[in-house]
Amino acid sequence: MRIPLIAGNWKMYKTSSEAIVLAEAVVKALSMPDETQVVVCPPFTALAAVGQIVAGSKIGLGAQDLHWAKEGAYTGEVSAEMLWDIGCRYVIVGHSERRQYFGETNESVNRKSLAALASNLTPIICVGEILFEREAGHAYAVVEAQLKGALSGLTSEQVQGLIFAYEPVWAIGTGKTATPSQAEEMHAHIRKTIALLFGAEIAQGVRILYGGSVKPDNAKELLGRSEIDGALVGGASLQIDSFAAIAKAAKR
Ligand code: PGA
């Protein structure tokens, strides 16, 4: 059985002091013993402070990006080892906003995923089509190409336990969500693609989160689908009430 995971992507919101307040609220609201895993992904500047707050709790810490090199003259970048060192155990890779605004490609997603794995971080690999691609009937092909690119050269052992997020770009921050059936169909397609590449057993073990305008009022319906193993939450993760409500809706 796959343990549900709810990850909050705080994007470029929250100063360090604001992040501390939210992280304390997350620890308080969501540390009760239930099966759901909860991860928060603050901006780089707040990672260390939030890391100290979640340390020793069941809340996990994730970054929103990383560089693929171990170290070097890469001004402005942050390595996997640096993230591990301050308590990160997860890192979002290939978010559509990175693809759209910062030149992220399937190849860089691949290099970053390999770098994350080499430092024992679990990448949360994001895939998803834009509206034009869905309307043109290419959504499945686009997501499949993103997956194949991201996973190129990875071993079955590395793919085991990976986390994916299906985030249709047209649903991010727009208030539109994929219907539970649209999401579930794509999740099944992602799992099938992974099964073809790495075998059915590996595919059954990976978790596939849905992302794109997940809110308390649609969470239960989305998370109730057997192919949807959790959520990557943007806007609604910035307020404790909405984030806690979504995390509670993930209970199986
Ligand atoms: P949203 O963002 O929940 O605000 O749509 C999701 C994401 O970008 O991960």
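**Around the ligand**

An oxygen atom of the ligand lies 2.7 Å from a polar backbone atom of Ser-213. Keep in mind as you look around that this is a predicted model. Taken alone, the ligand would expose 280 Å², and the protein buries 97% of that.

His-95 brings a polar side-chain atom to 2.7 Å from an oxygen atom of the ligand. Gly-235 takes part through its backbone: one of its N or O atoms is 2.8 Å from a ligand oxygen.

Which residues come nearest to the ligand? Among the 13 residues around it, they are Lys-11, His-95, Glu-167, Gly-173 and Ser-213. Sorted by class, this shell holds seven polar residues, four nonpolar ones and two charged ones.

Finally, let's step back to the chain itself. Its secondary structure comprises twelve helices and eight strands. The chain's radius of gyration is 17 Å, close to the 18 Å that the globule rule gives for 252 residues, so the chain is as compact as a globular protein of that length. For a sense of its dimensions, the C-alpha trace spans about 45 × 45 × 35 Å along its principal axes.

Terms used. Residues numbered from 1 in each chain as written. Predicted model: local features only at pLDDT ≥ 70, side-chain atom pairs only at ≥ 80, totals over all residues. Heavy atoms only, no water. Near = heavy atom within 4 Å. Polar contact = N/O pair within 3.5 Å; in protein donor to acceptor, adjacent residues only side chain to side chain. Areas by Shrake-Rupley, 256 points an atom, 1.4 Å probe, with all protein chains shown as cover. Nonpolar A, V, L, I, M, F, W, Y, C, P; charged D, E, K, R; others polar. Helix = DSSP H or I, 4+ residues; strand = E, 2+ residues; numbered from the N terminus. Rg over C-alpha atoms; globule rule 2.2 N^0.38 Å.
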